[in-house]
Amino acid sequence: MRTHVVRWLVLVVLAMAWAVSASAANPPALSAPQSEWLGRHPTIILAMYDSGWPPFESLRDGKPAGLGYDYLSLLAQQLGVQVKVRMYRDWTEVLDAACRGEVDVVMNITLTADRTRCMVYTRPYAVAPLALVGRPGGS
């Protein structure tokens with residue numbers, strides 16, 4: 001059983017590595033307005049907060065880390081732009097800064113009707129189902 005799981009994990013890692021290398025070789029196609037916006041904004045401001053949301057977004061030794069940050073960094077490299085991180089105390093401050101237009105990107109955010117008044121969403125880059133976990137018979 002354990003060998004089966006290890007083989008499955010190796011295949012998943014290889015598939016992910018192939019997908020990342022394939023996407024690195026093929027920068028995304030942009031519309032004219034997108035290209036113009038990037039031309040006017042060579043540095044993208046990313047909002048983060050201290051506790052983050054590991055493994056998608058966190059700080060490691062004071063530096064941004066995680067799956068979302070890795071994807072954003074790869075995309076920025078492909079597009080020829082820089083990413084500058086602006087830190088906030090908590091998630092509420094991040095959302096407020098986004099709605100005030102202080103930042104360009106907020107990662108790992110759930111789509112809600114209220115947030116669409118001030119933010120535009122991309123397609124999800126990952127799906128992370130959440131669950132509650134407890135002991136059988138526990139209270």
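Good morning. I begin with Val-120, which is found in the segment after strand 5. Here helices (H or I, at least four residues) and strands (E, at least two) are DSSP runs, numbered from the N terminus. Val-120 is exposed, with a relative accessible area of 81%. In these terms, buried means under 20% relative accessible area, exposed over 50%, and partly exposed in between, with a 1.4 Å probe and protein chains only. The C-alpha atom of Val-120 is separated by 9.7 Å from that of Val-105, and the two residues are 15 residues apart along the chain.

Two remarks on the basis of this talk. The model is predicted, so that local features need pLDDT of at least 70 and side-chain atom pairs count only at pLDDT 80 or more, while totals for chains, interfaces and linings use all residues. Residues are numbered from 1 along each chain as its sequence is written, and side-chain values use heavy atoms, with hydrogens and water left out.

Let us turn to the chain as a whole. The protein chain has 4 helices and 5 strands, and from the N terminus on they follow the order α-α-β-β-β-α-β-α-β. Of its 139 residues, 24% are buried. Contact means heavy atoms within 4.5 Å. Among the contacts with a separation of 6 or more, 59% are between residues 24 or more positions apart.

Which strands form it, and in what order? It is an open sheet of 3 strands in the order 4-1-5, with parallel pairing. Its edge strands, each pairing on one side only, are strand 4 (82-88) and strand 5 (105-106). Two strands pair if DSSP finds at least two bridges between them. Strand 1 and strand 4 run parallel and are joined by 7 bridges, whereas strand 1 (residues 43-49) and strand 5 pair, also in the parallel sense, over 2 bridges.

Why is strand 1 described as largely enclosed by the rest of the structure? The reason is that 6 of its 7 residues are buried.

Helix 3 (residues 67-79) lies across strand 1, strand 4 and strand 5, and runs at about 145° to strand 4. For such angles, axes are lines fitted to C-alpha atoms, for helices over the stretch in contact, and the values run from 0 to 180 degrees between N-to-C directions.

In helix 2 we find Trp-37, a partly exposed residue with a relative accessible area of 29%. Apart from its neighbours within four places in sequence, Trp-37 is in contact with Ile-44 and Asp-104.

I now come to the largest pocket. On a 1 Å grid over the protein atoms alone, a pocket is an open set of points with protein on both sides within 12 Å along at least five of seven lines, whereas in a cavity a 1.4 Å probe fits but cannot get out; lining residues have an atom within 4 Å of a point. The volume of the largest pocket is about 2,000 Å³, where grid points are joined across faces, edges and corners, and a volume is the space filled by probe spheres set on the points. Its lining has 45 residues, and Val-105, Val-106, Tyr-121, Thr-122 and Arg-123 lie nearest its centre. Two or more lining residues come from each of helix 2 (32-40), helix 3, helix 4 (91-100) and strand 5. Which element gives the largest share of the lining? Helix 3 does, with 8 residues.

By type, the lining divides into 33 nonpolar, 9 polar and 3 charged residues. Ala, Val, Leu, Ile, Met, Phe, Trp, Tyr, Cys and Pro count as nonpolar, Asp, Glu, Lys and Arg as charged, and the others, Gly among them, as polar.

Finally, some details of the backbone. The peptide bond from Pro-54 to Pro-55 is cis, with omega near 0°, and Pro-55 is found in the loop between strand 1 and strand 2 (58-60). Asp-61 is not a glycine, yet its phi is positive, near 55°. Asp-61 is in the loop between strand 2 and strand 3 (63-65) and is exposed, with a relative accessible area of 77%. Asn-108, also not a glycine, has a positive phi of about 55° and is placed in the segment after strand 5.

Thank you.
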